[in-house]
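Here are some exercises to work through with the model open beside you. Try each task yourself, then follow the solution step by step.

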Amino acid sequence: MSSKRTGEILTDLLIDWNVNHIYGMPGDSINEFVDDLRKKEDEIKFYQIRHEESGALAASAYAKLTGKIGVCLSIAGPGGIHLLNGLYDAKKDGAPVLALVGQVTSENVGTKSFQEIDLQNLFADVAVYCEQAQSAEQLPDMLNMAIRNAYVHQGVAVLIVPDDLFAVKQNGRQPSTAPSYVRALPFPHEVSLINSANMINEAKKPVILAGKGCRGADKELLQFAEKINAPIVVSLLGKGIIPDYHPLNMGQHGQIGTKPAYEAIMEADLLLLAGTSFPYRNFLPDDTKAIQIDIMADRIGDIYPITEGLCGDTKQILCKLDEMVENRTDNSRFLQKYQDKMKKWHKQMEKDKQARENPLIAPQVMHALEKVVDEDAVISCDVGNVTVWAARYFPILHQKFVISGRLATMGCGLPGAIAGQIAYPDKQVVGICGDGGFTMVMHDFVTAVKYGLPVKMVVLNNSKIAMIKYEQELLGHLEYETSLGEMDFASFAESCGGAGYRVDKAEDLDNAMEQAFTSNKPAIIDVAIKDMPPLPGKISYDQAIHFGEFLIKDFFTNKKVEVPDLKTSIERLL
């Protein structure tokens with residue numbers, strides 16, 4: 001029987017698991033395995049990224065977009081440390097990701113060798129599976145176990161390997177484990193379903209808060225909502241489950257959400273939390289009856305003091321509840337009230353988008369982008385003020401939408417776009433970033449150029465981390481150290497070998513968008529915008545008071561605010 005290098009055996013196993021690409025950077029404690037990947041480059045593409053954080057964020061985004069495991073690798077020490085941010089993003093958003101992390105050679109483990117750190121302790125909190133191999137013979141089984149755990153628990157698996165083990169030859173012994181997994185789908189007890197159906201039938205003002213767990217169940221969600229005559233509020237991670245302009249869609253909830261969404265949830269007499277881990281308790285009512293549907297039992301009751309929990313697949317449970325509940329028309333007034341409010345909200349958003357201001361404001365950019373984006377495009381959104389502008393002003397119809405949700409890490413936009421283009425090579429892929437988030441990972445625009453990934457990156461450039469500026473102001477503080485300085489991202493794009501377009505005036509915006517989106521190159525559309533406060537859809541009294549405190553301080557310290565403006569601003573907030 002012919003022998004194989006352990007790295008070759010692992011590469012074949014990855015192919016068996018339908019892994020077709022890996023994000024990473026070669027280096028001295030992973031080079032043996034990288035050489036085995038080289039021999040299989042027709043079946044597993046290696047994308048050399050410029051920073052391991054970008055690789056892990058891309059792996060996470062790929063998993064979110066496709067449901068398939070995202071894979072990244074790094075060297076020991078600094079490489080592994082760099083992975084952490086992207087891996088925590090995957091953990092927080094429930095994305096299956098495998099990190100293959102090199103370690104110093106077996107003979108040097110435990111000797112405080114160059115670049116040796118305690119990798120198992122480093123990854124212990126982020127991973128559902130974290131093991132360091134002691135022998136080459138273990139590795140095939142450990143790889144199967146790592147990937148299986150990542151899929152079953154929808155989380156991060158870390159396999160740490162001293163690099164010399166990849167080079168050890170084995171005689172082709174069959175692994176004790178299989179390169180496959182079965183994910184159990186629990187189903188609620190009949191009593192819980194009956195109780196839930198009774199609560200729904202009795203509710204006069206039911207509202208559904210739908211999250212990413214409803215992906216793939218959009219038809220069932222709409223059919224159920226139509227039957228019980230309930231408005232649907234969508235979490236940020238759930239954006240795109242149903243079209244933004246659907247008559248039942250009240251928009252996003254939370255700090256970036258709409259006023260009708262907030263008010264509908266606060267007025268509801270029954271909340272149906274469907275496939276969501278919505279983290280903002282202060283945007284939910286104090287003591288409303290609630291039903292939570294989730295595939296993970298340990299999440300039920302985590303975000304709200306629920307009345308009934310239904311553990312299982314959201315699609316199956318919605319179908320079952322749809323059979324059990326009554327057709328509702330007696331609550332039409334409540335639904336109609338918020339549909340009318342939502343129509344007014346859309347009109348206001350459209351008015352903002354149609355503005356002809358110079359300098360430009362963010363809604364104008366979203367309007368120009370809307371004109372050139374395909375209905376089946378992939379949208380990767382960064383974190384910051386840009387999240388507010390994309391969530392409110394860019395309507396998702398049938399596009400895929402990916403973002404860092406519960407971790408909300410700046411810098412996710414570009415890696416998400418790279419992953420989106422790899423996952424869907426024939427689709428248009430758009431990244432929407434602020435200048436703060438983009439500069440955290442901009443080095444990997446070169447990666448898009450190197451591999452011919454024609455992503456279009458829209459950078460809203462106000463030369464500051466503006467969300468932090470407004471957070472300071474809403475606390476009543478003066479702005480401090482939020483300015484970033486000027487950056488010409490269009491010139492940067494061209495220096496990387498991509499296409500760059502700089503927009504300073506409203507009259508140039510549409511033409512720049514059209515040119516960028518007809519280019520077959522990776523492109524950056526660098527749009528200079530002025531500040532616009534990313535105020536919540538519904539302002540709390542405390543927020544208004546603190547913002548008023550800031551305006552008073554600003555007036556007496558910097559003389560930037562006129563007294564009439566101060567009065568108008570506070571009145572608008574209240």
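**Exercise 1. In which hand of crossing does H8 pass H10?**

Before starting, note that this is a predicted model, in which local features need pLDDT of at least 70, side-chain atom pairs count only at pLDDT 80 or more, and totals for chains, interfaces and linings use all residues. Residues are numbered from 1 along each chain as its sequence is written, and side-chain values use heavy atoms, with hydrogens and water left out.

Step 1. Find the two helices: H8 covers residues 218–228 and H10 covers residues 314–324. Helices (H or I, at least four residues) and strands (E, at least two) are DSSP runs, numbered from the N terminus.

Step 2. Look at the geometry. The angle between H8 and H10 is about 25°, and their axes are 9 Å apart. Axes are lines fitted to C-alpha atoms, for helices over the stretch in contact, and angles run from 0 to 180 degrees between N-to-C directions.

Step 3. Classify the angle. H8 and H10 are therefore roughly parallel to each other. (Angles under 35 degrees count as roughly parallel, over 145 as roughly antiparallel, 65 to 115 as roughly perpendicular and the rest as oblique.)

Step 4. Read the hand: H8 passes H10 in a left-handed crossing. (A crossing is left-handed if the near helix is turned anticlockwise from the far one by less than a right angle, and right-handed if clockwise.)

Step 5. List the contact, meaning heavy atoms within 4.5 Å. H8 supplies Glu220, Leu221, Gln223, Phe224 and Lys227, while H10 supplies Lys315, Leu318, Cys319, Leu321, Asp322 and Glu323. By class, this contact of H8 with H10 has five nonpolar, one polar and five charged residues. (Ala, Val, Leu, Ile, Met, Phe, Trp, Tyr, Cys and Pro count as nonpolar, Asp, Glu, Lys and Arg as charged, and the others, Gly among them, as polar.)

**Exercise 2. Describe how H1 packs with H6.**

Step 1. H1 (residues 6–16) and H6 pack at an angle of about 30°, and 10 Å separates their axes. That makes H1 roughly parallel to H6.

Step 2. The crossing in which H1 passes H6 is right-handed.

Step 3. On the H1 side you will find Thr6, Ile9, Leu10, Leu13 and Leu14; they meet Leu139, Pro140, Leu143, Asn144 and Ile147 in H6. By class, the contact of H1 with H6 has eight nonpolar, two polar and no charged residues.

Step 4. Follow the chain into the loop between H1 and S2, where Asn18 lies. Asn18 has a positive phi of about 65°, although it is not a glycine.

**Exercise 3. What is the strand order of the open sheet that includes S3 and S6?**

Step 1. The six strands run in the order S3-S2-S4-S5-S7-S6, with parallel pairing. (Two strands pair if DSSP finds at least two bridges between them.)

Step 2. Strand S3 (45–48) and strand S6 (127–132) are the edges, each pairing on one side only. From one strand to the next, the twist averages 20°.

Step 3. Zoom in on one pair: S2 (residues 21–24) and S4 (residues 70–74) are parallel and share two bridges. Gly24 has Leu73 as its bridge partner in S4.

**Exercise 4. Which residue forms a salt bridge with Glu267?**

Step 1. The partner is Lys205, and the closest N and O atoms are 2.9 Å apart. (A salt bridge is a side-chain nitrogen of Lys or Arg within 4 Å of a carboxyl oxygen of Asp or Glu.)
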